[in-house]
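User: Could you walk me through the pocket, the salt bridges and the core of this one? I'd like the cut-offs spelled out as we go.

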Amino acid sequence: MFEFNKLCNEFEKMSAVERKLLLTEKSVVILKKLSDLEIDDADPVETLAAFILGSVCSDGKVNEQEYLLIYPALLKVFGDKVDFNAIKLALSADKAGHRAIKGYSVELMKILNKADESLFEDVIALCLCVTSLDGKVTLKEKKYIEKLIKA
(Lines give C-alpha, C1' and ligand atoms only; values in the text may rest on other atoms or scores of the structure.)
Protein backbone atom coordinates (compact mmCIF):
# COMPACT_ATOMS: atom_id res chain seq x y z
CA MET A 1 0.00 0.00 0.00
CA PHE A 2 2.59 2.55 1.03
CA GLU A 3 5.91 2.66 2.78
CA PHE A 4 5.02 3.62 6.33
CA ASN A 5 8.39 4.99 7.46
CA LYS A 6 8.62 7.22 4.39
CA LEU A 7 5.14 8.52 5.16
CA CYS A 8 6.12 9.20 8.78
CA ASN A 9 9.14 11.18 7.58
CA GLU A 10 6.92 13.30 5.33
CA PHE A 11 4.63 14.16 8.23
CA GLU A 12 7.56 14.95 10.51
CA LYS A 13 8.78 17.53 7.98
CA MET A 14 5.41 19.32 7.64
CA SER A 15 5.03 22.86 8.89
CA ALA A 16 2.43 23.63 11.53
CA VAL A 17 0.25 25.35 8.91
CA GLU A 18 0.43 22.36 6.53
CA ARG A 19 -0.37 19.97 9.37
CA LYS A 20 -3.34 22.03 10.55
CA LEU A 21 -4.79 22.29 7.04
CA LEU A 22 -4.42 18.57 6.45
CA LEU A 23 -5.85 17.77 9.88
CA THR A 24 -8.93 19.88 9.16
CA GLU A 25 -9.36 18.44 5.67
CA LYS A 26 -8.97 14.81 6.77
CA SER A 27 -11.24 15.27 9.78
CA VAL A 28 -14.10 16.56 7.64
CA VAL A 29 -13.69 13.77 5.07
CA ILE A 30 -13.39 11.04 7.72
CA LEU A 31 -16.37 12.20 9.76
CA LYS A 32 -18.52 12.36 6.61
CA LYS A 33 -17.50 8.85 5.54
CA LEU A 34 -18.00 7.46 9.05
CA SER A 35 -21.45 9.00 9.35
CA ASP A 36 -22.39 7.41 6.01
CA LEU A 37 -21.47 3.93 7.23
CA GLU A 38 -24.30 1.91 8.67
CA ILE A 39 -22.80 0.51 11.84
CA ASP A 40 -25.12 -0.72 14.54
CA ASP A 41 -22.78 -2.00 17.23
CA ALA A 42 -20.42 1.01 17.66
CA ASP A 43 -20.36 4.76 17.34
CA PRO A 44 -17.76 5.31 14.61
CA VAL A 45 -17.08 8.93 15.56
CA GLU A 46 -16.52 8.09 19.23
CA THR A 47 -14.36 5.14 18.21
CA LEU A 48 -12.22 7.31 15.93
CA ALA A 49 -11.82 10.01 18.60
CA ALA A 50 -10.74 7.42 21.16
CA PHE A 51 -8.31 5.85 18.71
CA ILE A 52 -6.72 9.20 17.97
CA LEU A 53 -6.52 9.89 21.70
CA GLY A 54 -4.75 6.54 21.92
CA SER A 55 -2.25 7.65 19.29
CA VAL A 56 -1.49 10.70 21.43
CA CYS A 57 -0.92 8.45 24.47
CA SER A 58 0.63 5.46 22.71
CA ASP A 59 4.17 6.22 23.79
CA GLY A 60 3.15 6.01 27.45
CA LYS A 61 3.03 9.78 27.91
CA VAL A 62 0.33 12.30 27.20
CA ASN A 63 1.90 14.98 25.06
CA GLU A 64 0.14 18.25 25.91
CA GLN A 65 0.74 19.79 22.46
CA GLU A 66 -0.78 16.78 20.72
CA TYR A 67 -3.64 16.72 23.21
CA LEU A 68 -4.42 20.41 22.63
CA LEU A 69 -4.52 19.80 18.89
CA ILE A 70 -7.25 17.19 19.23
CA TYR A 71 -9.03 18.74 22.24
CA PRO A 72 -11.78 20.47 20.22
CA ALA A 73 -12.71 17.14 18.64
CA LEU A 74 -12.58 15.33 21.98
CA LEU A 75 -14.76 18.00 23.57
CA LYS A 76 -17.31 17.67 20.80
CA VAL A 77 -17.39 13.87 20.97
CA PHE A 78 -17.03 13.22 24.71
CA GLY A 79 -18.25 16.48 26.25
CA ASP A 80 -16.57 18.52 28.95
CA LYS A 81 -15.80 15.45 31.07
CA VAL A 82 -12.53 15.03 29.17
CA ASP A 83 -9.53 17.13 30.17
CA PHE A 84 -5.77 16.80 29.99
CA ASN A 85 -5.16 16.08 33.69
CA ALA A 86 -7.96 13.49 33.87
CA ILE A 87 -6.58 11.63 30.87
CA LYS A 88 -3.03 11.86 32.14
CA LEU A 89 -4.11 10.52 35.53
CA ALA A 90 -6.23 7.73 34.03
CA LEU A 91 -3.38 6.52 31.86
CA SER A 92 -0.76 6.66 34.58
CA ALA A 93 -2.87 5.35 37.47
CA ASP A 94 -3.73 1.93 36.12
CA LYS A 95 -4.15 -0.12 32.99
CA ALA A 96 -7.90 0.53 32.64
CA GLY A 97 -7.33 3.54 30.39
CA HIS A 98 -4.99 1.55 28.18
CA ARG A 99 -7.49 -1.33 27.97
CA ALA A 100 -10.27 1.07 26.97
CA ILE A 101 -8.13 2.57 24.22
CA LYS A 102 -7.19 -0.92 23.02
CA GLY A 103 -10.90 -1.75 22.83
CA TYR A 104 -11.54 1.32 20.70
CA SER A 105 -8.62 0.32 18.46
CA VAL A 106 -10.21 -3.07 17.86
CA GLU A 107 -13.55 -1.41 17.10
CA LEU A 108 -11.94 1.01 14.65
CA MET A 109 -10.29 -1.90 12.85
CA LYS A 110 -13.69 -3.57 12.48
CA ILE A 111 -15.21 -0.34 11.18
CA LEU A 112 -12.41 0.26 8.69
CA ASN A 113 -12.77 -3.28 7.38
CA LYS A 114 -16.30 -2.31 6.32
CA ALA A 115 -15.14 0.85 4.55
CA ASP A 116 -13.17 1.64 1.43
CA GLU A 117 -9.39 1.96 1.41
CA SER A 118 -9.49 5.76 1.15
CA LEU A 119 -11.08 6.02 4.61
CA PHE A 120 -8.35 3.79 6.00
CA GLU A 121 -5.65 5.98 4.43
CA ASP A 122 -7.34 9.14 5.73
CA VAL A 123 -7.40 7.76 9.29
CA ILE A 124 -3.69 6.92 9.08
CA ALA A 125 -2.97 10.46 7.81
CA LEU A 126 -5.04 11.98 10.63
CA CYS A 127 -3.15 9.98 13.25
CA LEU A 128 0.17 10.99 11.72
CA CYS A 129 -0.89 14.66 11.73
CA VAL A 130 -1.43 14.43 15.47
CA THR A 131 1.55 12.28 16.42
CA SER A 132 4.03 14.26 14.31
CA LEU A 133 3.12 17.58 15.91
CA ASP A 134 6.34 17.58 17.93
CA GLY A 135 8.35 16.85 14.75
CA LYS A 136 8.84 13.16 15.52
CA VAL A 137 6.71 10.03 15.27
CA THR A 138 8.14 7.84 18.02
CA LEU A 139 8.63 4.11 17.68
CA LYS A 140 5.72 3.44 20.04
CA GLU A 141 3.47 5.80 18.07
CA LYS A 142 4.47 4.05 14.85
CA LYS A 143 3.69 0.64 16.35
CA TYR A 144 0.29 1.88 17.53
CA ILE A 145 -0.65 3.16 14.07
CA GLU A 146 0.86 0.12 12.32
CA LYS A 147 -1.69 -2.05 14.12
CA LEU A 148 -4.27 -0.59 11.76
CA ILE A 149 -2.12 -1.17 8.74
CA LYS A 150 -1.52 -4.82 9.60
CA ALA A 151 -5.12 -5.53 10.58
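This is a predicted model: local features need pLDDT of at least 70, side-chain atom pairs count only at pLDDT 80 or more; totals for chains, interfaces and linings use all residues.

User: By class, what is in the lining of the largest pocket?

Analyst: A pocket here is an open set of points on a 1 Å grid over the protein atoms alone, where a 1.4 Å probe fits, with protein on both sides within 12 Å along at least five of seven lines; lining residues have an atom within 4 Å of a point. The largest one holds about 490 Å³ of space, and Ser27, Leu31, Ile70, Pro72 and Ala73 are the closest to its centre among the 19 lining residues. Sorted by class, that lining comes to two charged, two polar and 15 nonpolar residues.

User: Which helix gives the most to the lining of that largest pocket?

Analyst: Helices are DSSP runs (H or I, at least four residues), numbered from the N terminus. Those with at least two lining residues each are helix 2 (16-36), helix 3 (44-57), helix 4 (64-78) and helix 7 (117-131). The top contributor, with seven residues, is helix 4.

User: On to charges: how many salt bridges does the structure hold?

Analyst: The criterion is a side-chain nitrogen of Lys or Arg within 4 Å of a carboxyl oxygen of Asp or Glu. One of the pairs is Asp36 with Lys32, at 2.9 Å from N to O; both sit in helix 2, four residues apart, about one turn of the helix. Overall, the number of salt bridges is three.

User: How far apart in sequence are the parts that Asp122 and Lys26 tie together?

Analyst: The side chains of Asp122 and Lys26 form a salt bridge at 2.8 Å, N to O. Asp122 belongs to helix 7 and Lys26 to helix 2, so this pair links parts of the chain whose separation is 96 residues.

User: Is Asp122 buried or exposed?

Analyst: Buried means under 20% relative accessible area, exposed over 50%, and partly exposed in between (1.4 Å probe, protein chains only). Lys26, at 16%, falls in the buried class. With a relative accessibility of 7%, Asp122 is buried.

User: Which residues do the salt bridges that share partners join into one network?

Analyst: Lys33 also forms a salt bridge with Asp122, with the closest N and O atoms 3.4 Å apart. Lys33 is in helix 2 and Asp122 in helix 7, so that pair ties together parts 89 residues apart in sequence. Through shared partners, the network consists of Lys26, Lys33 and Asp122.

User: Beyond its neighbours within four places in sequence, what is Val123 in contact with?

Analyst: Contact means heavy atoms within 4.5 Å. With those neighbours set aside, the partners of Val123 are Ile30, Leu48, Leu108, Leu112 and Leu148.

How values were computed:
Residues are numbered from 1 along each chain as its sequence is written. Side-chain values use heavy atoms; hydrogens and water are left out. Grid points are joined across faces, edges and corners, and a volume is the space filled by probe spheres set on the points. Ala, Val, Leu, Ile, Met, Phe, Trp, Tyr, Cys and Pro count as nonpolar, Asp, Glu, Lys and Arg as charged, and the others, Gly among them, as polar.
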